[in-house]
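Student: Can we go through this one together? I'd like to start with a side chain and then look around.

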Amino acid sequence: MTRRVFRYVPFTVGQDETAEPEYASRCVSGDETECGAESGTHHHPAPVEKWQREHVRETGHRRYRRTFADYAVFRATEDWTEGGAGHGSGGTA
């Protein structure tokens with residue numbers, strides 16, 4: 001009979017520093033239908049906010065759906081990677 005031992009590996013999750021986050025906005029103003037105008041995707045919030053201010057000035061629309069996206073990375077905690085309890089490949093026993 002083959003036995004398997006599964007060990008808990010503690011991880012932390014954080015933003016992937018090698019990939020830039022993305023910011024965007026869409027105008028959702030309108031009584032029956034949304035305007036739908038979009039800012040486009042940018043790697044900093046400033047161009048999105050500038051687009052919103054210009055769109056408000058041009059149309060008077062004041063309601064926007066903002067989106068933020070990034071990439072997440074899971075990393076083993078230091079206890080696991082530096083030879084703490086459970087260090088090793090685990091696997092079968």
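Student: Which backbone nitrogen does the side chain of Ser39 reach?
Tutor: The one of Ser25, at 2.9 Å. Keep in mind that this is a predicted model.

Student: Okay. Where is Ser39 placed?
Tutor: In a loop. That loop runs between strand E2 (22-27) and helix H1 (45-59).

Student: Is Ser39 buried or exposed?
Tutor: Buried. Its relative accessible area is 11%, and the cut-off for buried is under 20%.

Student: What is Ser39 in contact with, leaving aside neighbours within four places in sequence?
Tutor: Ala24, Ser25, Val48 and Trp51.

Student: Is Cys27 buried or exposed?
Tutor: Buried, at 0% relative accessibility. Cys35 counts as partly exposed, at 33%.

Student: Now the surface. Which residues form a nonpolar patch there?
Tutor: Phe11, Val13 and Phe74. Together they have about 350 Å² of accessible area.

Student: Take Val13. Which strand does Val13 lie in?
Tutor: Strand E1, residues 11-15. Val13 counts as exposed, with 53% relative accessibility.

Methods
Residues numbered from 1 in each chain as written. Predicted model: local features only at pLDDT ≥ 70, side-chain atom pairs only at ≥ 80, totals over all residues. Heavy atoms only, no water. Helix = DSSP H or I, 4+ residues; strand = E, 2+ residues; numbered from the N terminus. Buried < 20%, exposed > 50% of the residue type's maximum accessible area, 1.4 Å probe, protein only. Polar contact = N/O pair within 3.5 Å; in protein donor to acceptor, adjacent residues only side chain to side chain. Contact = heavy atoms within 4.5 Å. Patch = residues over 30% accessible without salt bridge, like charges linked within 9 Å, V, L, I, M, F, W, Y side chains within 5 Å. Areas by Shrake-Rupley, 256 points an atom, 1.4 Å probe, with all protein chains shown as cover. Salt bridge = Lys/Arg side-chain N within 4 Å of Asp/Glu carboxyl O.
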